[in-house]
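Here are some notes for a colleague who is opening this structure for the first time.

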Amino acid sequence: MISTLRFPRRSYTGWGSIAKLFEELEDLKPSRILVVTDQTLVKIGLVHQYLSPLNKQFNVSLYTDVEPEPSLACAERLAAYAREGGFDCVIGLGGGSALDLAKIAAVISQNEGDTADYLNLSGTRKLKTRGVPKILIPTTSGTGSEVTDIAVVSLEGTKDVVTHDFLLADIAIVDPQLTLTVPKRITAATGIDALTHAVEAFLSVNANEATDALAIKAVELIAGSLRNAVENGENQEARTAMSYGSYLAGLAFFNAGVAGVHALAYPLGSQFKLPHGESNAVLLPYVMKTISSTCRNKLNRVCNILTNHGEERSEEEILTLFYKLVESVGLPTTLKEYGIPESSLTSLTEDAIKQKRLLARSPKPLGKDEIYQIYQMAFNGLN
Ligand code: NAD
């Protein structure tokens, strides 16, 4: 079997790696830089702390109209702004929302038409040019967007993506310092998101030995640091392990794909505005139980790393393990807790089934019945 492994052109990781931004910009010599970030990061001073020194040397414009889980309209506004501005470099600084929009600014603004024209489920056009160089700098340890070729947008009922090699970062800078200020609940949600990337990539039908190695290392790092990062946000060791774990999980899933958890999470994000990490977290235990019969050995290996304890587990034990993990970082474990009505499970199922790209990587085929049952289990919880 032939397998490929794709990466951004260059990535820097580790404490202090943000310093590499200047070296890279000195090489690139851009004349107009667009920084895509969000208002919270401006408010807490993070943008000023890390990017204000750029102003001495470069012409920098700040764009902060970034919604969490950005809508298509938000992406279109930014693409239009970027097209007008004539920028020759884009820096994305933030969580997955800002990084995905930075990809859109860099690429869609240089192609004809709108973001909607290039969506995976409904788009009709193919991207023709790579756009301007983009440098992606995550401030959460979760999405892995800095190393993937995907930009996610929220639609009415579900989410969709623009996905193409052109969206891959030229430079990714993954500096754990920038995550020290992430609040507890967002640390938990983004951390479970990163774990879900690693686990789904490991179990994906497209996994290979290289993606398995990336995924397993990511699970080890996240298992050893997630609770500590949630409880002690200032802990540099925990933030560093989470940052590197999220980066490796991003590389694993970019190359092997994510599957059922993400397919079912997208409608929760769009219909009920659950943050992406929380949508994954509330579904993870129930999807793992459902698919466990088809990937027991690999799933058991993940469970052994998570518990630091080697044993064979039943479907129910796997369910309980993931349930307790989500509970232990303080996140809701049922759809009921989010106030999602049972009557919406049918429409959630109808939207999830449209995510064929994601569902195709599931080790167990998930049709309408299985998907409905997973939502039903997630609605009721363990009791
Ligand atoms: P986010 O970017 O929406 O950020 C969540 C909140 O955290 C925001 O309010 C933000 O201001 C705040 N925040 C971020 N960094 C902070 C910091 N250092 N200190 C304090 N607050 C901080 O959340 P996210 O989970 O990182 O990204 C979610 C988005 O990414 C969704 O749209 C999701 O669909 C997408 N996503 C993309 C990919 C990809 O490969 N492109 C993968 C997974 C998810």
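1. A place to begin is Ser17, which lies in the loop between strand E1 (10–13) and helix H1 (20–28). Please keep in mind throughout that this is a predicted model. Ser17 has a relative accessible area of 7% and is therefore buried, the limit for that class being under 20%. Leaving aside residues up to four places away in sequence, Ser17 touches Tyr12, Ile173, Val174 and Asp175.

2. Lys29 is found in the loop between H1 and strand E2 (33–36). With a relative accessible area of 63%, Lys29 is exposed, since that class covers values over 50%. The backbone of Lys29 also deserves a look, as its phi is near 50°, a positive value in a residue other than glycine.

3. A positive phi, near 50°, is found in Glu69 too, again a residue other than glycine. Glu69 sits in the loop between strand E3 (60–63) and helix H4 (72–85).

4. How far apart are the end C-alpha atoms of helix H6 (residues 184–203)? They are 28 Å apart, which agrees with the span of 28 Å that 20 residues should give at 1.5 Å a residue. Helix H6 is also mostly covered, with 17 of its 20 residues buried.

5. Two packed helices are described by the angle between their axes and the distance between the axes. For helix H9 (residues 260–272) and helix H13 (residues 345–352), the angle is about 125° and the axes are 8 Å apart. That angle makes H9 oblique to H13, and the crossing of the two is right-handed. On the H9 side the contact is made by Ala263, Leu264, Pro267, Leu268, Gln271 and Phe272, and on the H13 side by Ser347, Leu348, Asp351 and Ala352. Sorted by class, the residues of this contact of H9 with H13 are seven nonpolar, two polar and one charged.

6. A further pair consists of helix H10 (residues 276–291) and helix H15 (residues 368–380), which pack at an angle of about 130° with their axes 9 Å apart. H10 is therefore oblique to H15, and H10 passes H15 in a right-handed crossing. Here Val282, Leu283, Tyr286, Val287, Lys289 and Thr290 of H10 meet Ile374, Tyr375, Met377 and Ala378 of H15. The residues of the contact of H10 with H15 comprise eight nonpolar, one polar and one charged.

How values were computed. Residues are numbered from 1 along each chain as its sequence is written. This is a predicted model: local features need pLDDT of at least 70, side-chain atom pairs count only at pLDDT 80 or more; totals for chains, interfaces and linings use all residues. Side-chain values use heavy atoms; hydrogens and water are left out. Helices (H or I, at least four residues) and strands (E, at least two) are DSSP runs, numbered from the N terminus. The expected span of a helix is 1.5 Å times one less than its number of residues. Buried means under 20% relative accessible area, exposed over 50%, partly exposed in between (1.4 Å probe, protein chains only). Axes are lines fitted to C-alpha atoms, for helices over the stretch in contact, and angles run from 0 to 180 degrees between N-to-C directions. Angles under 35 degrees count as roughly parallel, over 145 as roughly antiparallel, 65 to 115 as roughly perpendicular and the rest as oblique. A crossing is left-handed if the near helix is turned anticlockwise from the far one by less than a right angle, and right-handed if clockwise. Contact means heavy atoms within 4.5 Å. Ala, Val, Leu, Ile, Met, Phe, Trp, Tyr, Cys and Pro count as nonpolar, Asp, Glu, Lys and Arg as charged, and the others, Gly among them, as polar.
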